[in-house]
Structures are given as structure tokens and as C-alpha cells.
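Student: Please take one part of this structure and look at it closely. I would like the interface between the chains, with its surroundings.

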Amino acid sequence: MTERIVRVASGQGFWGDSLDAPRQQVENGPIDYLMLDYLAEVTMSILQKQKERDPSMGYARDFVGAMDSVMDAVTERGVRVIANAGGVNPPACAIAIQGLAKQRGKSLRIGVVTGDDLLPRLNELLEQGHALAHMETGEPLETVRDRVLSANAYIGSKPIVEALSRKAQVVITGRSTDTALTMAPIRFEYGWTDTDYDRLAAGIVAGHILECGAQSSGGNCQYDWRNIPDLANVGYPIADAYEDGSFVVTKHPNTGGRVSVQTVSEQLVYEMGDPHGYITPDVIADFSTIHIEDAGPDRVRVFGIKGYAPTDKLKVSIAYRSGYKAVGTLVYSWPDALEKAQLADRILRERLERLGLHFDEILTEFVGASATHGPLAGDAGRNAPEVQLRVGVRSDDRATVERFTREIAPLVLNGPPGVTGFAGGRPKVEEIVAYWPALIDKTVVQTHVEIV
Amino acid sequence: MKVRLLDIAHARSGDKGDTANVGVIANRPEWFPLISRELTQARVTQHFAGMINGEVDRFELPNLNALNFLLHGALGGGGTLSLKTDAQGKVYSTALLRMVLDVPDAEARALGLPSA
């Protein structure tokens, strides 16, 4: 008898990832679950703005296309889909998917997870004494309360498990943690309990490896990057999970990319904080206990993970309006490209000063010389073929930022020579939606599962 | 002997608010002790002087032959507030790999380290 495997495939690492990956994951080989992660820190606020304009919106629209491309696999072959595509409006997302199913003449059982959205309850929560203080600065939320756009608790695996146990073929959540989307189906299949901390932690580690899509299967990999094969046809990662909590990371045969100890290790350290305490709603995973080994071509075995009881808090993702910004760029060419760009920057700043414009921040970077590595980059010298002057400003006052955007183009005619690269037109003024991480008592967040 | 970190390790970085993390992984397990010894909290703090305005935290992950550094105040406010090209700290990884290590010749030979 062969050992049982639960096969979870990653088909989306963020909203805007490959539109084709979900289909490839169901077509290029057998899988049990397709996991699609659409939400990044600021995505919720974008979706909230869309919902304000149209109450039937507020979810990741790309998911409709993804479901269209995998519909047959779900209805004919029993692949189940788990996605946090619901954003700030999971019920509307479910309606859209039901509409699609109907149009395709299919019947679909969808589990809708809600309860993470705290925006309607925000005043009540603050009145009850939940300060929702900023996790890094300690400031109380009151300081930005009138500018809050969205507030969602990161919720864990349990409502997804409930939806699966009620035979949902597709589970749509709002702000589930990225890792729960992978851990939940594994936990459901093997019946792991709330205190099965080691195995829950293993599921979280599998989730961390899968949550950024191809970033664990050869994408953005520094190790041996030249020789990673056929990234044009990159295979997204798959976790083959065993009952003991161990799992093998792999990808479908005849796809590009690579799954190796190096590609997986790079993803394991991505966005890592204190490795001993990777906190999730279900469990605290200790990344210093992860064992990882080569298990054949494009196969990496991960095992031995320890987990601990979770905290009594949930993290809350709050988005608030925080002024305006704009970034202007010009390209200066050889000879003395950097020196010309530096002179242009001085001229620009003097003009802004004369106009009496004051910014909360003004930042100049010289792309091609020092923009990303600062002083570590060393001297660009006089021979750089070109240097891009990149000036960004930020202010609470839109008009101030708007005025800045008018001061870039004139430099082409009235500043230093050898300048080009202004085809894109005047810089765009962007409203800043900033991120406010906070904690809240678990007991005040109740999730609900509805089957539609 | 001068050894480039770039030649003996790989790295990936990301963001959490205004903090960038850099995970650096030894290319070979036998090179990890040397990397761990050389990449002290003080050395990495010094390396990033002028690029970050906060502290550096250092964590060891011998199980992955890796170290994890948290660079606080590295992202110009972080997330959407940041005006930086690298607002999400994606290439602090390669910035760390610019480091050059001074390794005793005998040790470098014994470990088979590529010379800078």
C-alpha cells in the first residue's frame, strides 16, 4: 500500500500574478487542492475603495477568470479550490462565481468565509477599549481613525476546514492568512486537532513555501540563476503532504523552473522575522526546527517542524489614507551623467524652495549609480552611460504634490544637457493608502461559514 | 584571503513595515560556520551604515545553513509611504552580498573557498 498524500498546488502568489498558472496547475498533472493567494497588505484597501464605488465589488476580479479556467477540473475531477479572493466582499465574490458556474451549465458548492471584516464594528471596538495600537509605533488607532479605509483580522484555518467538511468545492475567504490557505486542506484531510501543534506548524511552513507562487520553484532565485531552466514555462510549486506532517515540495513534470534545497530555502527566509516564533492564528511555528533535504529531481523533503500554542490575539490589517505622493524621473546620458543628474536635482530643489513648497519628505535617487545599494555601490564615475534622476515627494496636501509634478518637464529645456526619457509625461499624483498593523483579542472575532 | 560573500552564499530579502529582512544562506553547508562567524550583528550594522536608520537584529538558522537579519528603518517609512525604488527591500539581499570577508589563507584553502 502506498502512503497517503494530500497534494496542494499553488496557483497564485499575489493579485496580479500569472493569469495562466491556475489552469496549468490543474492541467499539467494530478492535484487535490488548488490554493490561490490574492491578498497583500494594501490589497484590502484597494478592494475597499472599489466596494465603496460599487457594493457588488470588493473582491479580486482575477479570480473569476481563474475559476473559469479550472472549472472543469473542479466539477469533473474533484479538484477543490481555496482562495482568499473574497477580499472585503466574499459573498459578492461567491455570487460572481455562481454566476459563472451557471453560465457554464455547472453546479458548484461554494463555502464563503466571513467575519474578518472589522470595519463596520470599528467604533464599537474602540469604545470597548480595543486600542488597535500600531504594532511598531504603539500609537493608538484614534490618531488616524477618521482616515481608515479598511480593517480586517487575519483569520486562520478553522473556518476553511469547516467549509471543506461541509463539502464545499470552492472556499472563498476574505483576510485569511496566506499560510492557512494551504494548511487548512491538509489539516482537514488528516483530521489534525487544534492542539496538534507540530503538524499544524508543518502545514504553516508548507503554506509559507507555497504562498508566493513560483518564488519557491525557481523564480527570483539567486542561487545558480543563470542555469534555472525554462522560466518562461515555470511550474508553480506543489506540496505533497503526509499524515506525519512532513511534506515534499515539487512541481509538475515537463514544466520549467526548479525545486531544490536552494530555491526552497530562499523562500523560507523570505519576509522572515524572528524565526523561532512565526505567529499565526492557529499555531506558532519554529522555523529553526525545519529540516530540509534533497529528495530527487525537483523534489525537496521538509520535516521535523516544531509548533507551539498560538497567542490569544489576532493580527489586524488596517488601511488608512495618508496623504499624497508623486515620483518624477529624467534620464541623463554620458558624459558625466551622474554629475548632470545631481545638478538637475539641485536646480529642482531650489525651484521648489522658491515656490514655497514644503513636503513631508523629498527623496532623490540616482538610478544607475546608487538608488538601491546607496554608498555600497561605490563611485559610478564619469563614464556611466546614463543615470536616471528620480525624485519623489510626499505631502498631506494634494496641491503641493500636484505643483511638484509640473517642475520636472521644464528641466528638459532649462536644465543641464544630455537629458531624455520624458516620454511618459507628467508624473501622476497618487493617494497614499498606508498600512496599520495591530492586534486584537481573538474572542472578539467570530468567523462564519455559509455554503451557497 | 579576500572572499566575496556573493561567491559563497545566496540571499533573499523582503519587507515588514519599515523593516527589511535579509536571509543569507551558505552555498555549501561546510561554509556556514565561517559565514556565521564573520557576519556578526556589528559587522552587518557597519555594512549598512548610511542605508538604514535603525538597529540590526541577527538570528541563526543552522538548520537551513542560514542567518536572518532584520534591518530596522531601512525602507523610508515602508510600504506605500516609501518613496524609494526599493520600497519593499527586495534587493537588500544583493546589497549584503557585496560584503568581502577576510579569511585566513589556510582556512580558505581547507574550505575550498573561491578567491575574490
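Tutor: Contact here means heavy atoms within 4.5 Å. This is a predicted model: local features need pLDDT of at least 70, side-chain atom pairs count only at pLDDT 80 or more, and totals for chains, interfaces and linings use all residues. Residues are numbered from 1 along each chain as its sequence is written, chains are lettered from A and ligands numbered from 1 in the order in which they are written, and side-chain values use heavy atoms, with hydrogens and water left out.

Start with B:Ile25. It touches A:Ser265, A:Glu266 and A:Val269 in chain A. Within chain B, not counting residues up to four places away in sequence, B:Ile25 touches B:Ile8, B:Ala9, B:His10, B:Leu64, B:Asn65 and B:Ala66. B:Ile25 lies in strand 3 of chain B, residues 19-26. Helices (H or I, at least four residues) and strands (E, at least two) are DSSP runs, numbered from the N terminus. B:Ile25 is buried, at 4% relative accessible area. The cut-offs, with a 1.4 Å probe and protein chains only, are under 20% for buried, over 50% for exposed, and partly exposed in between. The C-alpha atom of B:Ile25 is 25 Å from that of B:Thr85, 60 residues apart along the chain.

A:Glu266 has a further partner. It forms a salt bridge with B:Arg12, with the closest N and O atoms 3.3 Å apart. A salt bridge is a side-chain nitrogen of Lys or Arg within 4 Å of a carboxyl oxygen of Asp or Glu. The rule finds one salt bridge across the interface of chain A and chain B. Polar contacts between the two chains come to 28 residue pairs, both residues at pLDDT 80 or more. Such a contact is a pair of N or O atoms within 3.5 Å; within protein, one must be able to donate a hydrogen and the other to accept it, and residues adjacent in sequence count only if both atoms are side-chain atoms.

Several elements of chain A supply at least two residues each to the side that touches chain B: helix 9 (261-269), strand 14 (313-333), strand 15 (361-367), strand 16 (386-395) and strand 18 (430-441). Helix 9 gives the largest share, six residues. By class, this side of chain A has 21 nonpolar, 15 polar and eleven charged residues. Ala, Val, Leu, Ile, Met, Phe, Trp, Tyr, Cys and Pro count as nonpolar, Asp, Glu, Lys and Arg as charged, and the others, Gly among them, as polar.

Now the whole interface. In total, 47 residues of chain A are in contact with 40 residues of chain B. The buried area is about 3600 Å², and carbon and sulfur atoms give 55% of it. Buried area is the accessible area (1.4 Å probe) that two parts lose on being put together, summed over both. In chain A, A:Gln222, A:His373 and A:Leu376 lose the most area to chain B, together 18% of what that side buries.

Over all chains the structure holds 34. One network links A:Asp68, A:Asp72, A:Glu76, A:Arg104 and A:Lys106. In it, A:Lys106 and A:Asp72 form a salt bridge with the closest N and O atoms 3.0 Å apart. A:Lys106 lies in the loop between helix 4 (90-103) and strand 4 of chain A, and A:Asp72 in helix 3 (residues 62-77), so the pair ties together parts that are 34 residues apart in sequence. A:Asp72 is partly exposed, at 39% relative accessibility.
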